[in-house]
Amino acid sequence: MKGTEDVRAEHRTWFRPDRYSRRRREETGLSPFRIAVAGQGGTSATETRSVTRAEASDDIARRLGLRRGTEVVQRENLYFVDDEPVQHGVTYIPATIAGDSEIATATDLGPGSIYARFEELGWPVAVVREEVTARMPTPAEAESLAIPPGVPVIEMTHTSMDDWKRPFEVTRFVLRADRLGLDYEVPIED
């Protein structure tokens with residue numbers, strides 16, 4: 001009989017950097033989240049909870065290279081694997097980049113999702129930075145993600161950059177640590 005840890009590991013979806021591959025997105029028409037889930041035999045869904053405009057907080061403005069209070073498009077999503085909520089994300093895009101495009105107006109971003117729409121706007125993702133920490137969930141996070149007592153979350157701040165390392169999108173993700181994991185391979189440059 002398997003222990004609890006073995007059962008949990010079997011149900012974990014691993015996110016690897018190749019989920020951002022342009023080739024894979026073009027071949028499948030899927031978003032990075034859906035690429036990762038489908039590649040491991042799961043079914044995925046995303047629920048866009050809101051698409052609004054807001055003033056950038058100090059932290060978001062700094063990460064995007066904007067002045068505090070600059071207008072950003074804010075997209076809030078809830079992500080599911082096999083009908084179970086596993087991740088929450090809030091994305092921030094400078095309004096000057098999003099304009100009145102689908103990124104700023106639509107809940108369904110179509111094939112290739114947000115990264116295909118960024119490419120159409122002339123902002124292909126070339127560099128991704130992901131800052132990862134762990135903590136216990138807030139009561140609201142525990143409720144919306146149906147997190148069992150005692151299970152931590154992974155908080156990931158994702159920044160997309162172009163070929164010149166200009167940031168054009170920041171997303172704050174909260175992931176269920178018992179259902180999602182991160183798997184990175186880092187080349188060592190001497």
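The largest nonpolar core has 15 residues, and Ile 93, Ile 114 and Phe 118 have the most contacts inside it. A nonpolar core here is a set of buried Ala, Val, Leu, Ile, Met, Phe, Trp, Tyr and Cys residues joined through side-chain atoms within 4.5 Å. At least two residues of this core come from each of α5 (95-98), α6 (102-105) and α7 (113-120), and α7 gives the most, with 3 residues. Helices and strands are DSSP runs numbered from the N terminus (helices H or I, at least four residues; strands E, at least two). Leaving aside neighbours within four places in sequence, Phe 118 is in contact with Ile 93, Ile 97, Ile 103, Trp 123, Pro 124, Phe 168 and Glu 169, with contact meaning heavy atoms within 4.5 Å. Apart from this core lies another, of 13 residues, among them Phe 15, Val 37, Phe 173 and Leu 175.

The model is predicted, with local features needing pLDDT of at least 70 and side-chain atom pairs counting only at pLDDT 80 or more, while totals for chains, interfaces and linings use all residues. Residues are numbered from 1 along each chain as its sequence is written, and side-chain values use heavy atoms, with hydrogens and water left out.

Back to α7: its buried residues are Ile 114, Tyr 115, Ala 116, Arg 117 and Phe 118. Buried means under 20% relative accessible area, exposed over 50%, and partly exposed in between (1.4 Å probe, protein chains only). Arg 117, at 10% relative accessibility, forms a salt bridge with Glu 120, and the closest N and O atoms of that pair are 2.8 Å apart. A salt bridge is a side-chain nitrogen of Lys or Arg within 4 Å of a carboxyl oxygen of Asp or Glu. Glu 120 is exposed, with a relative accessible area of 56%. The two partners are separated by about one helical turn, because they are 3 residues apart in helix α7. After α7 comes Gly 122, whose phi is positive, near 90 degrees.

Salt bridges turn up elsewhere too, and a search of the whole structure finds 20 of them. Side chains of opposite charge can pair when their charged atoms come close. Asp 18 and Arg 24 meet through their side chains in another salt bridge (3.1 Å, N to O); here Asp 18 is partly exposed at 41%, and Arg 24 is partly exposed at 22%. There is also a network of salt bridges, which links Asp 59, Arg 62, Arg 63, Arg 129, Glu 131 and Arg 172.

Next comes Arg 19, which sits in the loop between β1 (13-15) and α2 (22-28). Arg 19 counts as buried, at 4% relative accessibility. Its side chain makes polar contacts with the side chains of Tyr 20, at 3.1 Å, and Glu 130, at 2.9 Å. A polar contact is a pair of N or O atoms within 3.5 Å; within protein, one must be able to donate a hydrogen and the other to accept it, and residues adjacent in sequence count only if both atoms are side-chain atoms. Not counting residues up to four places away in sequence, Arg 19 touches Pro 32, Ile 35, Ala 36, Glu 130, Met 156 and Tyr 184.

Gln 87, in strand β4 (residues 84-94), is buried with a relative accessible area of 3%. Beyond four places in sequence, the contacts of Gln 87 include Phe 15, Phe 33, Tyr 79, Leu 145, Phe 173 and Leu 175. Val 153 lies in strand β6 and counts as buried at 0% relative accessibility. Among the residues in contact with Val 153, again leaving aside those within four places in sequence, are Thr 133, Arg 135, Pro 137, Ile 147, Val 174 and Leu 175.
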